[in-house]
Amino acid sequence: MSDIQTSRCGLWTGLCCTLLCVLLVLDVHARPANMSALKDKLPNSKEENEILPPDHLNGVKMEMDGHLNREFNKEVFLGKEIEEFEEDSEPRRNRKKLIDIFQKVDRNRDNSVSASEMQRWIMEKTEEHFQEAVRENKLSFRAVDPDGDGHVTWDEYRVKFLASKGFNEKEVAEKVKNNEELKVDEETQEVLESLKDRWFQADNPPADQLLNEEEFLSFLHPEHSRGMLKYMVKEIVRDLDQDGDKRLTLSEFISLPMGTVENQQAQDIDDDWVRERKKEFQEVIDINRDGIVTMEELEEYMDPMNEYNALNEAKQMIAVADENKNNNLEMEEILKYSEYFTGSKLMDYARNVHEEF
């Protein structure tokens, strides 16, 4: 190999290393740190995934830790198809899928999508996420109800949870039965206490300290229950509320979680995060525009089956891509802004529209 080739090789190696470092920094600082210790501990196994409440709820505008759901618009536009777009990187196939979706949303076949058509579509896709949660819950409930009596006690669930964390199930069950102290680390104990609180919140009156399959669904997916939605809102407000008045001011809502800004890139991401939350607070969540978000307002905002919210979301989604300002979406517009709707950037959209038809 010549000296020039060797030099070029070394240059490319250096560039690749630099690029890798940049990508790692981007991944680490993708968004501000999570404030919830419970959410910091990710599930380690499939079994644990089945019986733990999920960190992320599809079709809900805010995460359990108070962060905005950055995937929300994709989730309510794609529904079950969201995984297909994530798994398939072939632009031509994804473009065809997007055209098929457009034609389904366009109910009156006038080659444009109105706000009411988009609203109806959003409600349908949200219902899809609901039904998927119901199906998954059946499997999860069987995992914690092996005797099949249709009810699960907190102690039964606690045993299964600790078994999923690597504890010996028989030993734990024996200690629980004899009311003996369970020796667990501080982090696991914190998770258990949080889960116990959530468990008893899901126990519908009259409280019997048992959860049936429907109540277990509320335990895993609080968006399925008005009572659990209230509990979810209370938890979020508790984490963000700095003066204890059970309401949120703009400054409380946009406060960054604890953490240090390590570089300018992280600072820029934090600034974007603050701007995004400020816009959401002022334009969407604070319904009466009084500068205060109450628990009732936050509950309405987070209710995935709120038709008024679905209409507002439809209008916002259309506004993003409505280049001709006619308050509707045309095929060319939705393909041009495909990255917003699907997460996939489809190149040469205009040239291929008629070809795909």
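**Figure 1. Trp199 and Phe216 in the predicted model.** Trp199 and Phe216 are both buried in this predicted model. Their ring centres lie 6.2 Å apart and their planes stand at 70°, so the pair is edge-to-face. Trp199 belongs to helix α10 (residues 186–202) and Phe216 to helix α11 (residues 213–220), so the pair ties together parts that are 17 residues apart in sequence.

**Figure 2. Trp154 and Tyr157 in helix α8.** Trp154 and Tyr157 are three residues apart in helix α8 (residues 154–164) and are therefore separated by about one helical turn. Both residues are buried. With ring centres 5.8 Å apart and planes at 35°, the pair is tilted. A cluster linked by ring pairs comprises Phe141, Trp154, Tyr157, Trp199, Phe216 and Phe219. The whole structure contains 12 aromatic pairs.

**Figure 3. Arginine side chains over aromatic rings.** Arg198 is placed over the face of Phe219, 5.9 Å from the ring centre. Arg277 lies over the face of Phe253, at 4.0 Å from the ring centre.

**Figure 4. The surroundings of Lys61.** Lys61 is located in the loop between α3 (46–51) and α4 (72–78). Its relative accessible area is 11%, which means that Lys61 counts as buried, the limit being under 20%. The Lys61 side chain forms a polar contact of 3.2 Å with the side chain of Glu280, and another polar contact, of 3.1 Å, joins the side chains of Lys61 and Glu313. Residues up to four places away in sequence aside, Lys61 touches Leu68, Asn69, Phe72, Glu280, Val284, Tyr301 and Glu313.

**Figure 5. The largest nonpolar core and the contacts of Leu329.** The largest nonpolar core contains 27 residues, and those with the most contacts inside it are Phe77, Ile101, Met118, Ile122, Leu329, Ile334 and Phe341. At least two residues of this core come from each of α4, α5 (82–87), α6 (91–105), α7 (115–144), α16 (307–321) and α17 (331–336). Apart from this core lies another, of 24 residues, including Ile51, Phe161, Val191 and Phe219. Beyond its neighbours within four places in sequence, Leu329 is in contact with Phe102, Asn111, Ser112, Val113, Met118, Ile318, Ala321, Asp322, Ile334 and Phe341.

**Figure 6. Helix α12 and its N-terminal cap.** Helix α12 (residues 226–240) has 15 residues and spans 21 Å from its first C-alpha to its last, close to the 21 Å expected at 1.5 Å a residue. Ser225 caps the N-terminal end of α12, with a side-chain oxygen 3.3 Å from the backbone nitrogen of Gly227. Buried residues of α12 include Met228, Leu229, Tyr231, Met232, Val233, Glu235, Ile236, Val237 and Leu240.

Key: Residues numbered from 1 in each chain as written. Predicted model: local features only at pLDDT ≥ 70, side-chain atom pairs only at ≥ 80, totals over all residues. Heavy atoms only, no water. Helix = DSSP H or I, 4+ residues; strand = E, 2+ residues; numbered from the N terminus. Buried < 20%, exposed > 50% of the residue type's maximum accessible area, 1.4 Å probe, protein only. Polar contact = N/O pair within 3.5 Å; in protein donor to acceptor, adjacent residues only side chain to side chain. Contact = heavy atoms within 4.5 Å. Expected span 1.5 Å × (residues − 1). Core = buried A, V, L, I, M, F, W, Y, C linked by side-chain atoms within 4.5 Å. Phe/Tyr/Trp six-rings, centres within 6.5 Å; stacked < 30°, edge-to-face > 60°. Lys NZ or Arg CZ within 6 Å of the ring centre and 35° of its normal.
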